[in-house]
Amino acid sequence: MRKLILLLVFIIFISSCSGDDPSYQAEVLPVNEAIVPSSFTFNRVDTITVRYTLPSNCYELPTAYYRHNGLTSRVVAVKALKNLDIRCSQLPSEMELKIPVLALYREDYYFSFWMGEDSRGNDLFQDFSVPVN
């Protein structure tokens with residue numbers, strides 16, 4: 001009897017994992033504009049504002065994408081999930097993302113915001129150096 005109950009629970013569990021879940025693809029989106037403070041305060045949280053465009057309503061859950069280059073150097077872009085299972089409206093939306101930055105080091109922080117690619121496929125960046133007070 002116990003084995004039968006375990007088997008039924010297992011079958012119910014497996015059948016609840018249907019294939020109806022949407023399919024997503026992670027994409028990195030370029031930054032349109034970065035607003036960076038003139039300086040950070042040591043051991044305090046400051047905010048960087050990033051403006052970007054979601055290409056359609058298929059894009060969800062935008063977050064900041066970081067790639068660290070050492071302790072105080074970062075490459076920044078926007079990462080979003082594209083829902084592959086819905087019909088997309090091609091109306092882009094301008095969005096804004098606030099990124100908190102805690103200055104844990106007294107040296108300057110360097111940010112390279114990925115602005116997309118040029119006509120040859122080369123990455124374009126906007127660079128900022130932010131001193132820490």
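## Overall build

In the protein chain, residues 24 or more positions apart account for 65% of the contacts with a separation of 6 or more, where contact means heavy atoms within 4.5 Å. This is a predicted model, in which local features need pLDDT of at least 70 and side-chain atom pairs count only at pLDDT 80 or more, while totals for chains, interfaces and linings use all residues. Residues are numbered from 1 along each chain as its sequence is written, and side-chain values use heavy atoms, leaving out hydrogens and water.

You will find 1 helix and 8 strands in the protein chain, arranged along the sequence as α-β-β-β-β-β-β-β-β. Helices (H or I, at least four residues) and strands (E, at least two) are DSSP runs, numbered from the N terminus. Of the 133 residues, 27% are buried; buried means under 20% relative accessible area, exposed over 50%, and partly exposed in between (1.4 Å probe, protein chains only).

## The disulfide

Counting cysteine sulfur atoms within 2.5 Å as a disulfide, the total is 1. Its partners are Cys58 and Cys88, with sulfur atoms 1.5 Å apart, and the link is left-handed, at -100° about the S-S bond. The pair joins distant parts of the chain, 30 residues apart: Cys58 lies in the loop between strand S3 (45-54) and S4, and Cys88 in the loop between S5 and strand S6 (93-102).

How accessible are the two ends? Cys58 is buried at 0% relative accessible area, whereas Cys88 is partly exposed at 25%.

## A loop leucine

Leu71 sits in the loop between strand S4 (59-68) and strand S5 (73-83). Leu71 is exposed, with a relative accessible area of 51%.
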